[in-house]
Every structure is written in structure tokens, then in C-alpha cells.
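Subject: Handover of a structure, with findings

Dear colleague,

Please find below the structure that I am passing on to you. The findings follow it, arranged by topic.

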Amino acid sequence: MKIGALILTTGLPKNQGVAALLEPSGSVSAGQRMIAAFHRCGVHAVGLVIGPENKKLDRQLAQNGVIFLHCPSGHASVMEAARVGLSYMADKFDRIFIACGNLPLFLPETLQRLLACSADIAVPVYQHVNGCPVLVSGRAAEMILADPDARSLEEAVFDCAAEKEFVPV
């Protein structure tokens, strides 16, 4: 099974995704720690969806085996960023993690619990609140991309007809 991961940095308030990924987290940045967690859980490729102004991320994360996917507009929404990433990954991977860059710290155990699910969409839940990252199958990714009316990533995921599992973490 091929697993991919998307990290979305565009469409977040005041470029919070970029700032959060650049924050120090021990001896590395939060972005480097996030990418390492994905790799430890068997992720084959990490795609980072960035806007045209994110050259700092390019420089810092280039050596981490990241695929840089560029949103043409620096003012893209999170849903537009997800469309860019899913368009690239949907037919290449069986399952895809989708994470927002402003929430870079999660436990590798969370990723393992999501991967243990057989549903097309797995959503982590902590204290009755849906979290991040979300894991989608390639099939669910295609369904999300096919929904032209989705205004947000959350709406696209929850309106998707694919089977969902909410995973306590």
C-alpha cells in the first residue's frame, strides 16, 4: 500500500501554516518534525502545498524529501490548496494524510491509529473534537475533488459519500 501526505500552508489565517512549520521544536523545526513523523509511519511522499511567497519553507524543507506543490494564488483557500495537493496525489497513492500546517504537532501513534482503520476516511477525535490530520483513500480523494460546491475542506470531507470512521486519539 502506498501512502502519501499533504501539508497545506495556504488559506490559513495570516500565513499561520508557514509560521507554525518554521517554529523550533527541539533541535529541528516543527515542519521537519511533522515530516519525520509521517516518514516513520510509512509515508512514501510528503507534498507541501505552498503559495508563491513561501521561499523560506523551500529552503528549510527541501532536504527532507518534500514535493513542493505550488498554489498559483497566494490568497488560495484551504480547499483550493487541498485540490492542488489531491489532484497531484489521488491517483498515485492508496491513502493520503491531509494536514494543515498550522497544526504541525501530533503523535506518531495518531497516524498509526488512523492507518489501522479500513474506512475510506479516518478522522482523529480528541475530547469530542475532530482533529488533524485526516486520512483519505485515493477513492475518497477523487470524490472530494469531484465536489465543485465544497467551500471548505471540512465540508468536503464530511459531505463526501465515502465511509468515515472517527478515531479516538
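In what follows, Ala, Val, Leu, Ile, Met, Phe, Trp, Tyr, Cys and Pro count as nonpolar, Asp, Glu, Lys and Arg count as charged, and the others, Gly among them, count as polar. By that division, the lining of the largest pocket holds eleven nonpolar residues, three polar ones and one charged one. Please note that this is a predicted model.

Overall composition

The protein has seven helices and ten strands. Of its 169 residues, 51% are buried. Among the contacts with a separation of 6 or more, 67% are between residues 24 or more positions apart.

The two largest pockets

The largest pocket has about 320 Å³ of space. It is lined by 15 residues, and those closest to its centre are Cys100, Gly131, Cys132, Val134 and Glu154. Two elements, β6 (95-100) and α7 (153-159), each give two or more residues to this lining. The largest share comes from α7, with four residues.

The second largest pocket has about 260 Å³ of space. Its lining consists of 13 residues, of which Pro124, Tyr126, Gly131, Cys132 and Val169 are the closest to the centre. Here the elements that supply two or more residues are β7 and β8 (129-130), and β7 gives the largest share, three residues. In terms of class, ten of the lining residues are nonpolar and three are polar, while none is charged.

Gly131 and Cys132 are named among the residues closest to the centre of the largest pocket, and they are named again for the second largest pocket.

The cysteines and the cis peptide bond

How many disulfides does the protein have? The count is zero. A disulfide requires two cysteine sulfur atoms within 2.5 Å. For Cys100, the closest cysteine sulfur is that of Cys132, at 4.8 Å, and this is too far for a bond. The sulfur of Cys132 in turn has that of Cys100 as its closest cysteine sulfur, so the distance of 4.8 Å rules out a bond from this side as well. Cys100 is also buried, with a relative accessible area of 14%.

Cys132 is joined to Pro133 by a cis peptide bond, with omega at about 5°. Pro133 is placed in the loop between β8 and β9.

Backbone angles

Most residues other than glycine have a negative phi, and most peptide bonds are trans. The loop between β7 and β8 contains Gln127 and also His128. Gln127 has a positive phi, near 50°, and is not a glycine. The phi of His128, likewise not a glycine, is positive at about 65°. Are these residues buried or exposed? Gln127 is exposed, with a relative accessible area of 61%, and His128 is exposed too, at 79% relative accessibility. A positive phi is found as well in Gly42, which follows α2; the value there is near 90°.

In α5 (108-115), the buried residues are Thr110, Leu111, Leu114 and Leu115. They span an arc of only 135° around the axis, and therefore lie on the same side of α5. An α-helix has 3.6 residues a turn, so residues three or four places apart point the same way. Which elements cover the buried residues of α5? The cover includes β1 (3-8), α2 (30-40), β6, β7, β9 (134-137) and β10 (164-168).

The helix α2, which is part of that cover, has buried residues of its own: Ala30, Gly31, Gln32, Met34, Ile35, Ala37 and Phe38.

A buried aspartate

Asp120 is located in the loop between α5 and β7 (121-126). Is Asp120 buried or exposed? Asp120 is buried, as its relative accessible area is 17%, and the cut-off for a buried residue is under 20%. Apart from its neighbours within four places in sequence, Asp120 is in contact with Leu135, Val136, Ser137, Arg139, Ala140, Ala162 and Glu163.

With kind regards

How values were computed
Residues are numbered from 1 along each chain as its sequence is written. This is a predicted model: local features need pLDDT of at least 70, side-chain atom pairs count only at pLDDT 80 or more; totals for chains, interfaces and linings use all residues. Side-chain values use heavy atoms; hydrogens and water are left out. Buried means under 20% relative accessible area, exposed over 50%, partly exposed in between (1.4 Å probe, protein chains only). Contact means heavy atoms within 4.5 Å. On a 1 Å grid over the protein atoms alone, a cavity is a set of points where a 1.4 Å probe fits but cannot get out, and a pocket is an open set with protein on both sides within 12 Å along at least five of seven lines; lining residues have an atom within 4 Å of a point. Grid points are joined across faces, edges and corners, and a volume is the space filled by probe spheres set on the points. The arc is that of the directions from the helix axis to the C-beta atoms.
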